[in-house]
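Student: I have a structure open and would like to talk through it. Could you help me?

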Amino acid sequence: MADSYDVDREQQIATALRLGIAAAKAGRRAAAQRHLQQVLQLDPNNVSALLWLAGLLTDPWESLEYVQRALAVEPGNERALAALKWVQQRLGEGDIPPSALAFTAAPAVAESGKEEEITPAPATATPHRVPARAGVRPARMPVEAPRGARSGRFAWRVVLRNGPFLVGLVIVLALLFLALFGPRLATYNPYLTSGQTLEMIGGKLVGPPFPPGEKYPLGTDQWGRDIYSTLLWGARNTLTACLFVTMARLLIGLTLGALAGWYEGKLIDRVVMGLIEMMTSLPLLLVGMIAIFALDIRRGIGVFIIALCFVGWGEIAQYVRSEFMTLRQRPFVEGARVIGLNDLEMIVRHLLPNVLPSLVVLALLEMGAVLMILGELGFVGVFIGGGSTTETLSGNETFATIPEWGAMLAGARRYARSTPWMVFYPALAIFVSVLGFNFLSEGLRRIIRETGVNTAALLSTRMILVVALISGVTYYIVENVGPAKSYANLALRFDEERVREDIRVLCDEEHLDRRVGKEGAQAAADYIAAQFQAAGLEWAGKGQSYFQPWETRVAYPLEQPELALLDADGQVVTRFQHQVDFGERLTRHGGSGTAQAPLLFVGFSRQSYDYAAFRGLDLRGRIVLYFADNAPTAFDSEALIRGAEGILIIDEEARAMNQLVAGGVYMEQPSLPIFHITPAAANRLLEPAGLRVDELRARIEKAQEEEEEWFTQEVDSQVRMSLVMGPVEEVTAYNVLGMMPGADVTMNDELIIISAHYDNLGIDPDGTAFVGANDNAASVALLLEIARLWSEQEFRPHRSVLFAVWAGGQMPYSGVHAYFDNPLIYASSMETVAVFQLDRLGRGGGALLVDGDRNLIDLLRRSADTVGVTVAEEGGARLPYQNLWERRASTLLLSRERPATSYLLDDTADKLDLVGMSKAGQAINLALITIGREVHY
């Protein structure tokens, strides 16, 4: 038992000593002292423990005490004598006790760095206790200095003598600056512009590429895009992709390499090595290309990051595996296992710190390698986003739409001899970047070799600030990488004052009456066409113009239409407002006429009746009232036959319908006044009889349940109706159409339409003006502002965009019907993929009301979140042309207020909320920019 006890004790001493030495090498002073004190508790005369502790203490007098104890055990120990001489040099000879100076005769011998065999030593003497002295500078004895575990002051002289480190640091800091602030220094935004097509140079009109000069410091590419701006914007994309790929490769390589090295020879090791052998057997460039295309290259920078992460980690994993295989054989790992640490704890606390310094160097080398493969991929035509295709004289060519250095090389390859600047500058950027990362890597390697690095600091909580800083910079770059930020910046440029001016012009006296066939409508169409021309839109009308003319027939009142509630003496109690409370209808026998009679309500239980079913229905001397959605078809003609003086039809839409649509029957003789009235107006007419609209609805439901054919309800109200119609006129209306063709030949046959109507309710015979500032001059002004913004910022969508302002939007047969019935050439050759219908955007609540296709709603919601606008899904009544679009394409109806007649008299420019309208315009603009430019939206 005694022998067994001695063996266990010796094993504990050896383990604790190894752990203490390992902790000291790693710079973990407290842990090292704890383990070494444990050794001295088991063996107070252990020389190695005494000398290591002497080197760890900050008080030189305490260090001297431990050196004396070591000399007392082994008077001739060379390491103890060297330590004593070191203490003597720190404190001075006068401070050293005579008992200690007796041991300085032996020469000091430098430490060999080799681990000595640890054996128990017998106690021979009790060391002399020397009290600490005040005022003496604390000093630390130089302990064994393993690589990566230096604990002295940072050697600035080593850094300043390190040329590769300084050069690499300057280059990398410059690259970081470009990644953060490069776009601010750029002249143009490559995400929005498509380049200059023609330029006057030396008095001659020439096409791109343009050589370096005053306007383009580094020249342009073959599409006329400024290379200087593209390089600055591309730095962010290229370096961000490089950073993310490098980080992912390191994490994957470190994880798999550590598992393979720790579990050498086991299943995980065989699997990892099999993956590495499989990957290294294939060309890295080819595997990367396959992965990128498999993930869909057109999805942007994320595809490149994911694809390249999984093809370059093999070498890192091999290095980490070999390091772990070596380290796991070291004594300190055995000691960690003895004290009960599990595999994860041993890897994190003991193996990982020994690998981290080399991984820092390796990361910088890997940055250069990733830059090289990005350049190689670009040179063979594989670049972020996949680019767009356009038609040229030599055929279809692909050009990069996302600025990136590799993509610049791809586009310039064919022009390397004739226009070398197109290749030189992106190649130079990649070369300098790779050189910078390699220099910095070599410089760090030299610093670690000469001064070491405190790996404990790399794993300590003090690194939280550094990690937070790197994370913040990375987050900023990621948030600003890609076109989304540029799209948002363009959308936010919405100019409220220009919108105000457009509304003012469309609502002034010259354009006030914008009904079809009126002079104001023609003037409004001319103004919109002039704005299209100023915005650089191409003709999209008939012939070489912005206009698509179409013919229709209209009839307007000559005198002010009248609807009034009378008292028993025939005096007016309530006079109703034309176009607000009621409006005329000219179908069948509707037309001119005057009626003054009691009101009679008629309800029906079904929609279809034969002639005999109305036997007994006497409407003579009555003005008939019924619901538009309850009456049988053509009951107005039946009412005329049965003696009705006039007809009032309760309807949510009470505006006048003055158009005579081809194929319909209008203003037949004899005629009578037929008005559609709002439910609110009907309630006022029913009030003398103590009735309401909802009560009549309930009575109809009861009749339907009892299968009553029809019923009448006397209303104790006298009503007067009057309508004098003018002649039927043949008029010409004009749609105003402007096109911005798509820049991508593979997408420009897809058409996006942004539309609004420009007509209003005009001016009544009594001079009442329905200005229509919100309905719908505001939406036209918003559309014009989007067109101007795109033109000024040289934004070119990939899909074609049609800016369409329709005539006759208030009519049953509108300009949209004419657009479909008489299609223009481009309309029949293009596929309409989305229609944005703008209506009543000038006033309303804070939310943008949307209705339509789900994908478009989701797109608008994302855009609205970006600019800070609330979106509410809300259906409601639509104009006829707006319903027509739903059967033809994916549509989105956008407004801020649902149709209402209550504000029509108050619909003036000064009542508009231009701030809210501008915010809505920003959201709509951003959605249009995104769908116009992106393949996947």
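Student: Is R799 buried or exposed?

Tutor: R799 counts as buried, because its relative accessibility is 6%, and buried means under 20% relative accessible area, while exposed means over 50% and partly exposed lies in between, using a 1.4 Å probe and protein chains only. Before we go on, keep in mind that this is a predicted model, in which local features need pLDDT of at least 70 and side-chain atom pairs count only at pLDDT 80 or more, while totals for chains, interfaces and linings use all residues. Residues are numbered from 1 along each chain as its sequence is written, and side-chain values use heavy atoms, with hydrogens and water left out.

Student: OK, and which residue does R799 meet in a salt bridge?

Tutor: The partner is E750, and the N to O distance is 2.6 Å; a salt bridge here is a side-chain nitrogen of Lys or Arg within 4 Å of a carboxyl oxygen of Asp or Glu. R799 sits in the loop between α26 (773-792) and β20 (800-806), whereas E750 belongs to strand β17 (residues 750-757), so the pair ties together parts that are 49 residues apart in sequence. The helices and strands are DSSP runs numbered from the N terminus, with helices being H or I of at least four residues and strands E of at least two.

Student: Which residues do salt bridges with shared partners join into one network?

Tutor: That network consists of D495, R498, D502, E785, R788 and E792.

Student: How many salt bridges are there in the whole structure?

Tutor: The search finds 34, and one of them is between the side chains of R446 and E442, at 2.9 Å from N to O. Both residues lie in helix α17 (residues 421-451), four residues apart, which is about one turn of the helix. R446 is partly exposed at 30% relative accessibility, and E442 is also partly exposed, at 24%.

Student: What about R620, what does it pair with?

Tutor: R620 forms a salt bridge with D618, with the closest N and O atoms 2.9 Å apart. R620 is exposed, with a relative accessible area of 60%, while D618 is partly exposed at 41%.

Student: Switching to rings, how many aromatic pairs are there?

Tutor: The count comes to 24 aromatic pairs, where rings of Phe, Tyr and Trp (its six-membered ring) pair if their centres lie within 6.5 Å, and planes under 30 degrees apart count as stacked, over 60 as edge-to-face and the rest as tilted. F601 and F627 form an edge-to-face pair, 5.7 Å centre to centre with 80° between the planes. F601 lies in strand β10 (residues 593-604) and F627 in strand β11 (residues 623-627), so this pair ties together parts that are 26 residues apart in sequence.

Student: And why is the pair of Y626 and F635 edge-to-face?

Tutor: Their ring centres are 5.3 Å apart and their planes stand at 85°, so the pair is edge-to-face.

Student: Last one, where is E404 found, and what does it touch?

Tutor: E404 is in the loop between β4 (395-399) and α16 (405-412), and it is buried, with a relative accessible area of 2%. Not counting residues up to four places away in sequence, E404 touches G234, T238, L374, F383 and I384, where a contact means heavy atoms within 4.5 Å.
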